[in-house]
Amino acid sequence: MSSAERADDAAITEVAIRAAREAGAIALRGFRAPELRVELKSGIHDPVTAFDGACERRIREVILAAFPGSRIVGEEEGEGGGSGPLSWYVDPIDGTANFARGIAMWAVSIGVERDGELVSGVVYDPVSDHLFWADERGAFLGEEPLRSRGFAEPGRATVAMNFPLARDLVHFPELALRQFAEATREFAQLRGLGSSCIALCWVAAGWIDATVSFETHPWDVAAASLIVRRAGGTFLGYRDGEPVPARIAHLAPHYYAEVAGAGFASLREIMRTQSVRPAS
């Protein structure tokens, strides 16, 4: 029996936490550094730095030292590793655009599947030293349990809404702008945080009440989606106008999350109409 097959969720989480903390320490060396160089991957909205790659390489080293047969899917280096029961979804710096500009709204994200089911999630915000994590024991900020409680009334609710972005305006642009205008009138506050995993963790903590986003990847949301659910909140992955089964929600290209007890119909309508866009 392999080490991955023997390991319980707590042991997996421990490795994910160690990897996230070590990557966060590396990233902090580049954050707000005068000599930081920023390059572009696919265009002006998709920056990358040397620290993205350095952090991911360190995360891979930590994971493979503990669980050699792991499959690792990372934002910077793609899919690699073995074919064992554990799959790790890694975003070394979620919110690189913020990181590159010196905005303290970015985090390391590591979500872990065993045989296709999410069992552990870690999101580490090094600037604030906020360690969000979840496994079978529940959801936590450090050692404190998380409870996804907030405002269920739109007039009191705060929504993290990185919508519409430039990529959203490629599809149904008039509808997207109208929906954004309606949301600004309906909800107390709209905020663009620039980091999917931080927005989701803040829903888990009850610091904001909902978040929506489109055209994301599993490494963006795998860890934080589990944290939201373990905290008692709702996380839905959308494809073709409908929520997908919960087991694969983190693999869907679009997502919606809200605190326990909320039911924001207008946000779910945005998800229904905007998630029918063709695959990019």
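Contact here means heavy atoms within 4.5 Å. The structure shown in every view is a predicted model.

**View 1. Gly194 in the loop between β12 and α6.**
Under that cut-off, and not counting residues up to four places away in sequence, Gly194 touches Gly95, Asn98 and Asn162. Gly194 is partly exposed, with a relative accessible area of 37%. From the C-alpha atom of Gly194 to that of Ala204 is 17 Å, for residues 10 places apart along the chain.

**View 2. Ser195 in the loop between β12 (189-191) and α6.**
Is Ser195 buried or exposed? Ser195 has a relative accessible area of 0% and is buried, since buried means under 20%. With residues up to four places away in sequence set aside, Ser195 touches Asp94, Gly95, Asn98, Met105, Trp106 and Asn162. Ser195 and Arg147 are 48 residues apart along the chain, and their C-alpha atoms are separated by 21 Å.

**View 3. The largest pocket, with a volume of about 1,200 Å³.**
The pocket is lined by 47 residues, of which His45, Asp46, Leu165, Arg167 and Glu215 are the closest to its centre. Which elements give two or more residues to this lining? The strands are β2 (47-49), β5 (86-94), β11 (158-161), β13 (210-213) and β16 (254-258), and the helices are α4 (96-101), α6 (196-205) and α7 (218-230). By class, the lining of the largest pocket has 17 nonpolar, 17 polar and 13 charged residues.

**View 4. Packing of α6 and α7.**
Two packed helices are described by the angle between their axes and the distance between the axes. For α6 and α7 the angle is about 0° and the axes are 9 Å apart, which means that α6 is roughly parallel to α7. On the α6 side, the residues in contact are Ser196, Cys197, Leu200, Cys201, Val203 and Ala204. On the α7 side, they are Asp220, Val221, Ala224, Ser225, Ile227 and Val228. The contact of α6 with α7 divides into nine nonpolar residues, two polar and one charged.

**View 5. Phe235 in strand β14.**
Phe235 has a relative accessible area of 2% and is therefore buried. Which residues does Phe235 contact, leaving aside its neighbours within four places in sequence? The list contains Leu200, Val221, Ser225, Val228, Arg229, Ala249, His250, Tyr255, Tyr256 and Ala257. Among them, Leu200 is a residue of α6 that also takes part in the contact with α7, and Val221, Ser225 and Val228 are α7 residues of that contact. Phe235 and Arg58 are 177 residues apart in sequence, with a C-alpha to C-alpha distance of 29 Å.

The axes of α5 and α8 come within 11 Å and cross at roughly 170°, so α5 is roughly antiparallel to α8. From α5 the contact takes in Leu175, Ala176, Gln179 and Glu186, and from α8 it takes in Ser266, Glu269, Ile270, Thr273 and Gln274. Three nonpolar, four polar and two charged residues make up the contact of α5 with α8.

**View 6. The cis peptide bond between Phe163 and Pro164.**
Most residues other than glycine have a negative phi, and most peptide bonds are trans. The bond that joins Phe163 and Pro164 is cis, with omega about 0°. Pro164 is found in the loop between β11 and α5.

**View 7. Positive phi at Asp129 and at Asp240.**
Asp129 has phi near 55°, a positive value in a residue other than glycine. Where is Asp129 placed? Asp129 is in the loop between β7 (117-125) and β8 (130-135), and is partly exposed, with a relative accessible area of 46%. For Asp240, phi is likewise positive, near 55°. Asp240 lies in the loop between β14 and β15 (242-243). At 55% relative accessibility, Asp240 counts as exposed, because the term applies over 50%.

Key. Residues numbered from 1 in each chain as written. Predicted model: local features only at pLDDT ≥ 70, side-chain atom pairs only at ≥ 80, totals over all residues. Heavy atoms only, no water. 1 Å grid on protein atoms, 1.4 Å probe; cavity = no way out; pocket = protein on both sides within 12 Å on 5 of 7 lines; lining within 4 Å. Points joined across faces, edges and corners; volume = space filled by probe spheres on them. Helix = DSSP H or I, 4+ residues; strand = E, 2+ residues; numbered from the N terminus. Nonpolar A, V, L, I, M, F, W, Y, C, P; charged D, E, K, R; others polar. Axes fitted to C-alpha atoms, helices over the stretch in contact; angles between N-to-C directions. Parallel < 35°, antiparallel > 145°, perpendicular 65-115°, else oblique. Buried < 20%, exposed > 50% of the residue type's maximum accessible area, 1.4 Å probe, protein only.
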